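Let's take a walk through this fold together, strand by strand and then ring by ring. Keep the viewer open as you read.

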Amino acid sequence: MKKLLIIAALAMCCCKQQTAECPYTFMGIPIEGTAEEFGQKLIEKGFEKIDNDDFVGFFFGYYCTVTIWVAYNRSVIGATAAIEGAEESAFDDIKEALMEKYSDTAKWRIKYIIGDDCADGLIPRAFSIYSTSTDEDDDNSYIRMDWIPGLSLSLIHISYFNVDYDNEENLEKLRMQDL
């Protein structure tokens, strides 16, 4: 009987280790589950709910609005922290911290992006951190941060996604899962 219990416990441990986990977290919260579960965890971190999927609080020492991105079935596909009125130095500080946290090049790939001219003539800066895979064009998740300077309001967007939202094929798979 003891052997049977030990074998069952070992089998459960092996199964547990093989389950997929979110490759990164937003404020220690995995990008998974329902919007309601994710929102409750944000509230536990000191955020205040302002409407259905938006919360306000502090991220990396900056006051921000967090928006939860959801599929039609209310499962979480991402979270974005929007920091209004931020200086460019804040973008650089957060970028450096993210690069340090995700510095394992065997697991992560970093891309820098300089956008085209915007309507107001300003050029936003951005960078993305992708989880690596055998096929570099098959990213399955990412973190993207944009610095958008403005004449009256500057903005930093930090978005965490559990799927490559820019990849049209992945987006189509998400849509099909929603049906």
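This is a predicted model: local features need pLDDT of at least 70, side-chain atom pairs count only at pLDDT 80 or more; totals for chains, interfaces and linings use all residues.

Strands E6 and E10 run antiparallel and are joined by 7 bridges; two strands count as paired if DSSP finds at least two bridges between them. The strands named here (E, at least two residues) are DSSP runs, numbered from the N terminus. Residues are numbered from 1 along each chain as its sequence is written, and side-chain values use heavy atoms, leaving out hydrogens and water.

How enclosed is strand E6? Of the 9 residues in E6 (residues 76-84), 8 are buried, so the strand is largely enclosed by the rest of the structure. Here, buried means under 20% relative accessible area, exposed means over 50%, and partly exposed is in between, with a 1.4 Å probe and protein chains only.

E6 has another antiparallel partner to visit: 6 bridges join it to E5. Thr 67, for example, has Thr 80 in E6 as its bridge partner. E5 and E6 form a hairpin with 5 residues between them, and Arg 74 in the turn has a positive phi of about 70°.

Tyr 62 belongs to E5, which spans residues 62-70. This tyrosine is partly exposed, with a relative accessible area of 25%. Leaving aside neighbours within four places in sequence, Tyr 62 is in contact (heavy atoms within 4.5 Å) with Gly 57, Ile 83, Ala 90, Asp 93 and Ile 94.

Not counting residues up to four places away in sequence, Ser 154 touches Ile 83, Glu 84, Gly 85, Ala 86, Trp 147, Ile 148 and Pro 149. Ser 154 is buried, at 14% relative accessible area.

Now for the rings. The structure holds 7 aromatic pairs, where rings of Phe, Tyr and Trp (its six-membered ring) pair if their centres lie within 6.5 Å; planes under 30 degrees apart count as stacked, over 60 as edge-to-face and the rest as tilted. Among the pairs is the stacked one of Phe 26 and Phe 59, at 5.3 Å centre to centre and 5° between the planes. Phe 26 lies in strand E1 (residues 25-26) and Phe 59 in strand E4 (residues 54-59), so this pair ties together parts that are 33 residues apart in sequence. Both phenylalanines are buried. Ring pairs also link Phe 26, Phe 38, Phe 59 and Tyr 160 into a cluster.

Definitions and conventions
Helices (H or I, at least four residues) and strands (E, at least two) are DSSP runs, numbered from the N terminus.
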